[in-house]
Amino acid sequence: MPTAQPRNQPDTSSWDTQSMDPLARDPRWWGTGGDILDLSHRDLQEADFAGRAMQRARLTGSNLRRARLSRADLAEADLFGADLARADLQNANLTRAVLRGTSLAGANLNNAILVEADFRGGVMMRPSQHRHGATGDGEPERAGIDVSDLSNCLLDYAHAARAQFSGVDLSGASLVGADLSGANFFGSNLRDADLSYANLSGANLSDARLVGTRLIGANLSQAQIVNATVEKAAAAGADFTGAVLRGIAADGFEMNSARLIAPADFEFELSAAIAGHRAWMQSGGAAGHQLSLAGQRFPYHDFSGLELDGADLGDCDLRGCRFNRASLVLANLSRANLAGADFAGARIAGCRLIGANLRWAVFTDAVPGRLRIYSGDGSFSGRWQATDLTGAALDAARLEGFDLASCLR
């Protein structure tokens with residue numbers, strides 16, 4: 001008498017038990033030509049495929065809720081519209097897999113390989129197999145969802161470089177320590193998600209929802225965060241070096257209890273002040289006014305190429321700002337927070353950086369030096385003003401091509 005199969009399990013009674021992978025030899029699961037495993041549109045709820053070799057398999061529209069797929073090799077597999085809610089995908093290989101329109105709500109993808117995987121939304125129409133027989137002439141059925149659901153799933157330490165998460169619902173998901181470099185999160189929902197210590201270098205988070213998101217210690221260097229909704233996002237210790245932050249919602253990031261104000265919030269006012277400083281310099285003080293921003297906060301702003309000679313930026317919050325090839329001759333940046341700022345190629349002769357926080361700052365090929373100090377009548381006073389780094393913190397600063405010995409310390 002045939003042995004009854006557990007509910008929703010594939011019939012394995014005729015599989016070759018001598019094979020290391022029964023799926024590799026059972027002809028009922030293969031498409032025409034026997035080259036690609038085809039389990040599309042099947043009820044595989046709670047099925048056990050742990051450790052299986054399923055490269056390029058077709059699982060479109062299949063029910064894989066609570067399926068066991070840990071350590072399975074699903075490289076380049078097509079899971080368009082599949083239901084993988086609460087599935088176990090720990091350590092699975094999903095390199096370049098198609099996961100568009102999938103539901104992965106509550107799934108466990110810890111340590112999974114998701115390099116270049118595609119999680120975007122998508123809906124596929126197919127003929128009904130349940131109406132008017134099997135002729136497919138009934139009402140078409142939908143497979144997939146408009147917004148892929150990865151809410152509350154576990155992606156800790158996953159390898160997801162260049163993965164496509166555009167528009168995906170990742171609310172409440174855990175991506176601690178994940179490699180998300182170059183990943184696309186455009187328009188995705190990351191509300192209450194945890195991306196602490198994740199590598200998001202070069203990632204696109206524009207138009208994303210970052211409400212209550214944890215980014216503690218994350219690497220966001222060169223990331224794009226434009227017009228995103230950012231509210232109470234915890235980002236203490238995060239690295240924003242070279243990141244583009246524009247049009248960010250007012251509540252912004254929380255960095256050691258300080259709030260990151262979006263550049264768009266002060267762009268106009270700052271531009272006017274810089275224009276006034278330019279007129280002041282060109283007229284020898286007869287017009288315009290000296291730029292004085294002492295004590296104000298302008299983190300992650302781009303001052304590249306500007307002439308800011310003699311400007312007063314003391315005690316400012318200038319974390320991550322770009323001063324590439326800017327002129328800061330005789331400028332005052334004493335006690336400013338310039339952590340992660342970029343001064344590559346900048347002219348900083350006579351610039352005062354006394355007590356400034358210059359940790360992780362970049363001074364590659366910046367030009368320090370000392371200048372003569374002249375009296376009011378135009379005569380040399382006998383005094384010189386050198387680039388002054390007295391008491392400045394230079395931990396992990398990049399100093400290639402920078403003459404540190406010529407500076408006061």
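What follows is one request about one residue and then a connected reply.

Analyst: The structure is a predicted model, in which local features need pLDDT of at least 70 and side-chain atom pairs count only at pLDDT 80 or more, while totals for chains, interfaces and linings use all residues. Residues are numbered from 1 along each chain as its sequence is written, and side-chain values use heavy atoms, with hydrogens and water left out.

Some background comes before the close look. The protein has one helix and 10 strands; these are DSSP runs numbered from the N terminus, with helices being H or I of at least four residues and strands being E of at least two. Their order from the N terminus is β-β-β-β-β-β-β-β-α-β-β. Of the 409 residues, 50% count as buried. Buried means under 20% relative accessible area, exposed means over 50%, and partly exposed lies in between (1.4 Å probe, protein chains only).

Now to I225. Contact here means heavy atoms within 4.5 Å. I225 also belongs to the largest nonpolar core, which has 70 residues, and F165, L180 and I225 touch the most other members of that core. A nonpolar core is a set of buried Ala, Val, Leu, Ile, Met, Phe, Trp, Tyr and Cys residues joined through side-chain atoms within 4.5 Å. Another core, of 37 residues, lies apart from it, and its members include F303, A346, L353 and L358.

Q222 is found in the loop between β3 (209-211) and β4 (224-226). Is Q222 buried or exposed, or in between? At 48% relative accessibility, Q222 counts as partly exposed. Beyond residues up to four places away in sequence, Q222 touches G202, T241, G242 and A243. Q222 and G182 are 40 residues apart along the chain, and their C-alpha atoms are separated by 9.4 Å.

T102 counts as buried because its relative accessibility is 0%. The side chain of T102 reaches the backbone oxygen of L99 at 2.7 Å.

Charged side chains are the next topic. The whole structure holds 12 salt bridges, a salt bridge being a side-chain nitrogen of Lys or Arg within 4 Å of a carboxyl oxygen of Asp or Glu. One of them joins D317 and R319 at 2.8 Å, N to O. D317 is buried, with a relative accessible area of 10%, and R319 is also buried at 10%. Another joins R398 and E400, whose closest N and O atoms are 3.8 Å apart. Here R398 is partly exposed at 45%, and E400 is partly exposed at 43%. A further salt bridge links R335 and D315 at 3.1 Å, N to O. Those two residues are 20 residues apart, and each sits in the loop between α1 (267-282) and β9 (370-374). D315 is partly exposed, with 40% relative accessibility.

Finally, F380 lies in strand β10 (residues 380-386). F380 counts as partly exposed because its relative accessibility is 35%.

Key
A polar contact is a pair of N or O atoms within 3.5 Å; within protein, one must be able to donate a hydrogen and the other to accept it, and residues adjacent in sequence count only if both atoms are side-chain atoms.
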